[in-house]
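Visitor: Please bring up the model so that we can go through it. I would like a value or a name at the end of each answer.

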Amino acid sequence: MKINFEHHQTAHCENGVASNLLLNKGLKLSEPMIFGIGSGLFFVYLPFLKVNFAPGFSYRPMPGAIFSKAAKRLGIKIKRLKFSNPQEAQKALEKNLENNIPTGLQVGVFNLTYFPEEYKFHFNAHNLVVYGKEDGKFLISDPVMDYVTTLSETELEKVRYAKGALPPKGHMYYPTYIPENIHLEEAIKKGIKDTCKNMLAPVPIVGVKAIRWVARSIPKWAEKKGTKTTNHYLGQLIRMQEEIGTGGGGFRFIYGAFLQEAAVILKNDELKELSKEITMIGDLWRDFAVDIARVYKNRNSKSDIYNNLSKSMLHIADLEEAFYKKLRKAI
């Protein structure tokens, strides 16, 4: 069983799977376009949820939300299934492959045999496509890799039933209907409005307010929990930003590319300028990550470093707040 499936490498797994699955059905949408329409730009701080022994930070919404929102706004229907029984999950996947349906899966990263060791950690919201089965091995298109690969039945079952936070539970998904006429303009506007609403939300755990909460917490962690724990928390923060917020800068560069495309489609030059602005903010996020990495590796001897990191993050929050207000007005 092998489906004629085109593999394209992308910066982020969920956008990449969505883009590749839709391309297989004849609809060509770029990764940034899916990310923007699906309101992928996000920030949430969950101090009460521990992930890898650190508070929950995320620069993206819940797994599956980007593709689901993009699909809804474009009039595309997606079927999603979860299975309590691994055998049932494998049967359903194989049936799809027999019916020439490439299928998206949510999996855990830690046991992916083709991942380099330094990228392996307990994170259960990775996405890939299975597009066939040959000699007892499943054919895998993982959009963050530049080549296709394979997993045995046992290896695939292990990652589909990874334990821990956000367990995939055999989650598989695939598009079942794509309308003949796609209304991109309306979908783009809805995606932008939703992103602005989320990032300017009046609650402390979401958006710009959450960024400020984390920023103000950094010196407090240092004071109350000590250097080792604080550095571990900061390490988790930049891992979510630079490795899980793939493409770096917590997705700001991908969003900049989306706004460039949107500017042309909507004939709105203001979006082109805002694209440059969010890219510049992405550069500041990346600089912030480099500063944390130096602290984490004990290569920063500056006194008062935690207060300086806090100030950098508060500055980014101010720039982001101004950006989303301008973007909301532009649309």
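Visitor: How far apart are the closest N and O atoms in the salt bridge of Lys-133 with Glu-153?

Guide: This is a predicted model, in which local features need pLDDT of at least 70, side-chain atom pairs count only at pLDDT 80 or more, and totals for chains, interfaces and linings use all residues. Residues are numbered from 1 along each chain as its sequence is written, and side-chain values use heavy atoms, without hydrogens or water. A salt bridge here requires a side-chain nitrogen of Lys or Arg within 4 Å of a carboxyl oxygen of Asp or Glu. For Lys-133 and Glu-153, the closest N and O atoms are separated by 2.5 Å.

Visitor: Which elements hold Lys-133 and Glu-153, and how many residues apart are they?

Guide: Helices (H or I, at least four residues) and strands (E, at least two) are DSSP runs, numbered from the N terminus. Lys-133 belongs to strand β5 (residues 126–134) and Glu-153 to helix α5 (residues 153–160). The pair thus links distant parts of the chain, with a separation of 20 residues.

Visitor: Is Lys-133 buried or exposed?

Guide: The classes rest on relative accessible area: buried is under 20%, exposed over 50%, and partly exposed in between (1.4 Å probe, protein chains only). Glu-153 is partly exposed because its value is 33%. Lys-133 has a relative accessible area of 13%, so Lys-133 is buried.

Visitor: What does Ser-152 contact, apart from its neighbours within four places in sequence?

Guide: Ser-152 sits in strand β7 (residues 149–152) and is buried, because its relative accessible area is 19%. Its C-alpha atom is 9.0 Å from that of Leu-139, which is 13 residues away along the chain. With contact taken as heavy atoms within 4.5 Å, the partners of Ser-152 beyond those neighbours are Gly-136, Lys-137 and Phe-138.

Visitor: Which residues are linked with Asp-194 in a network of salt bridges?

Guide: Lys-197 and Asp-194 meet in a salt bridge of 3.9 Å, N to O. Both are in helix α6 (residues 184–199), three residues apart, about one turn of the helix. Lys-197 counts as exposed because its relative accessibility is 58%, whereas Asp-194 is buried because its relative accessible area is 10%. The network joins Asp-194 with Lys-69, Arg-73 and Lys-197.

Visitor: How many salt bridges does a search of the whole structure find?

Guide: Side chains of opposite charge can pair when their charged atoms come close. One further pair is Arg-294 with Asp-291, at 3.4 Å between the closest N and O atoms, and both residues lie in helix α9 (residues 269–296), three residues apart. The number found over the whole structure is 15.

Visitor: Which residue of β2 is the bridge partner of Val-44?

Guide: Two strands pair if DSSP finds at least two bridges between them. Strand β1 (residues 44–51) runs antiparallel to β2, with five bridges joining the two. They form a hairpin with two residues between them, and Asn-52 in the turn has a positive phi of about 50 degrees. In β2, whose five residues (54–58) are buried, the partner of Val-44 is Ser-58.

Visitor: Which element gives the largest share of the lining of the largest pocket?

Guide: On a 1 Å grid over the protein atoms alone, a pocket is an open set of points with protein on both sides within 12 Å along at least five of seven lines, and lining residues have an atom within 4 Å of a point. The largest pocket has a volume of about 560 Å³, counted as the space filled by probe spheres set on the points, with grid points joined across faces, edges and corners. Among its 31 lining residues, the closest to the centre are Leu-49, Val-51, Phe-123, Ala-165 and Leu-166. Four lining residues, the largest share, come from β1.

Visitor: What is the phi of Lys-267?

Guide: Lys-267 is in the loop between α8 (252–266) and α9. Lys-267 counts as exposed because its relative accessibility is 74%. Although Lys-267 is not a glycine, its phi is positive, about 50 degrees.

Visitor: What separates the C-alpha atoms of Asn-100 and Lys-2?

Guide: Asn-100 lies in the loop between α4 (86–98) and β4 (103–107). Asn-100 is exposed because its relative accessibility is 52%. Asn-100 and Lys-2 are 98 residues apart along the chain, and their C-alpha atoms are separated by 7.9 Å.

Key: On a 1 Å grid over the protein atoms alone, a cavity is a set of points where a 1.4 Å probe fits but cannot get out, and a pocket is an open set with protein on both sides within 12 Å along at least five of seven lines; lining residues have an atom within 4 Å of a point.
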